[in-house]
Amino acid sequence: MNSSPHAQDDDAPRSPLLNLLIMVTLATVVVACWYLLDYYLRDSQSDVTWYPPSGACDLHEGPCEANLGLGGRLVFGVGNDLVPMKTLPLTVALEGLDAKAVTVEFVGRNMPMGLHRFPLKKVGPGTFVGEGQIGFCTEKVMPWRAQVVVESDKARRGSWFDFEVARRH
């Protein structure tokens with residue numbers, strides 16, 4: 001006969017209170033994970049002050065610009081060959097803004113195309129660069145929107161630039 005006090009506990013079923021506490025803990029972990037995913041993957045439009053582009057612009061021809069209020073100005077370029085599934089050089093030049101981060105998002109204008117968010121790297125005062133990619137679409141011509149979000153210590157500001165990409169065979 002085993003006189004160890006643990007031998008009896010190993011064979012005994014768990015109490016209902018312990019099972020309840022385990023379930024509550026698991027539910028709490030699931031809710032916390034959902035909250036974190038929602039926070040990191042949510043749409044950037046929720047807390048951004050949006051400014052319209054400055055006049056008509058064609059990203060196929062060259063950079064586009066927007067005034068971001070209070071003397072702030074943004075110039076956005078994507079190279080001149082907008083092709084789906086090809087790496088695109090992204091550049092953002094800022095004037096009158098002290099940004100800590102810049103992000104470019106490509107959004108399908110007439111159909112959901114998934115999350116295409118590209119954080120840019122600061123390479124100099126007011127200059128951010130990076131690479132991005134436009135998703136492939138089965139439509140002959142796909143209308144896209146490039147949303148540029150500038151984050152500073154005080155606020156998040158942004159502008160958008162519409163363009164179309166024709167499917168190549």
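**Labels and cut-offs**

Student: What makes R73 partly exposed?
Tutor: R73 has a relative accessible area of 22%. Buried means under 20% relative accessible area, exposed means over 50%, and partly exposed is in between (1.4 Å probe, protein chains only). The 22% of R73 falls in between, so R73 is partly exposed. Before we go on: this is a predicted model, in which local features need pLDDT of at least 70 and side-chain atom pairs count only at pLDDT 80 or more, while totals for chains, interfaces and linings use all residues. Residues are numbered from 1 along each chain as its sequence is written, and side-chain values use heavy atoms, with hydrogens and water left out.

Student: How do you know that E65 forms a salt bridge with R73?
Tutor: The closest N and O atoms of E65 and R73 are 2.9 Å apart. A salt bridge is a side-chain nitrogen of Lys or Arg within 4 Å of a carboxyl oxygen of Asp or Glu. The 2.9 Å is within that limit, so the pair qualifies. E65 itself counts as partly exposed, at 31% relative accessibility. The count for salt bridges comes to seven.

Student: Why does E105 count as buried?
Tutor: E105 has 4% relative accessibility. That is under 20%, so the word buried applies. E105 also forms a salt bridge with R117, the closest N and O atoms being 2.9 Å apart. E105 lies in strand β5 and R117 in strand β6, so the pair ties together parts that are twelve residues apart in sequence. Helices (H or I, at least four residues) and strands (E, at least two) are DSSP runs, numbered from the N terminus. R117 counts as partly exposed, at 26% relative accessibility.

Student: Is H116 buried or exposed?
Tutor: H116 counts as buried, because its relative accessibility is 17%, and the limit for that word is under 20%. H116 is found in the loop between β5 and β6 (117-124). Leaving aside residues up to four places away in sequence, H116 touches V104, E105, F106, Q133, G135 and W144; contact here means heavy atoms within 4.5 Å.

Student: What makes β8 largely enclosed by the rest of the structure?
Tutor: Eight of the eleven residues of β8 are buried, so the strand is largely enclosed.

Student: Which strand does β8 pair with in the antiparallel sense over eight bridges?
Tutor: Strand β5 (residues 101-108) pairs with β8 in that way. Two strands pair if DSSP finds at least two bridges between them. Eight bridges meet that requirement, so the two strands are called paired. One of the residue pairs is V104 with V148, its bridge partner in β8.

Student: How many bridges join β8 to strand β9?
Tutor: Eleven bridges join β8 to β9 (residues 156-166), and the two strands run antiparallel. The bridge partner of M142 in β9 is V165. β8 and β9 form a hairpin, with four residues between them.

Student: Where is E151 placed?
Tutor: E151 is in strand β8 (residues 141-151). E151 is partly exposed because its relative accessible area is 22%. Not counting residues up to four places away in sequence, E151 touches A99, K100, A101, T103 and R156. E151 and A99 are 52 residues apart in sequence and 5.5 Å apart in space, C-alpha to C-alpha.

Student: How do you know that R156 forms a salt bridge with E151?
Tutor: The closest N and O atoms of R156 and E151 are 3.9 Å apart, and the limit is within 4 Å. Salt bridges that share partners join D47, E151 and R156 into one network. R156 counts as buried because its relative accessibility is 19%.

Student: Which residues form a nonpolar patch on the surface?
Tutor: L17, L20, L21 and V24 form the patch, with about 390 Å² of accessible area together. Patches are made of residues with over 30% relative accessible area and no salt bridge; like charges are joined within 9 Å, and nonpolar side chains (Val, Leu, Ile, Met, Phe, Trp, Tyr) within 5 Å. L21 has a relative accessible area of 48% and is partly exposed. L21 lies in helix α2 (residues 16-41).

Student: What does the secondary structure of the chain come to?
Tutor: The chain has two helices and nine strands. Buried residues make up 31% of its 169 residues.

Definitions and conventions: Areas by Shrake-Rupley, 256 points an atom, 1.4 Å probe, with all protein chains shown as cover.
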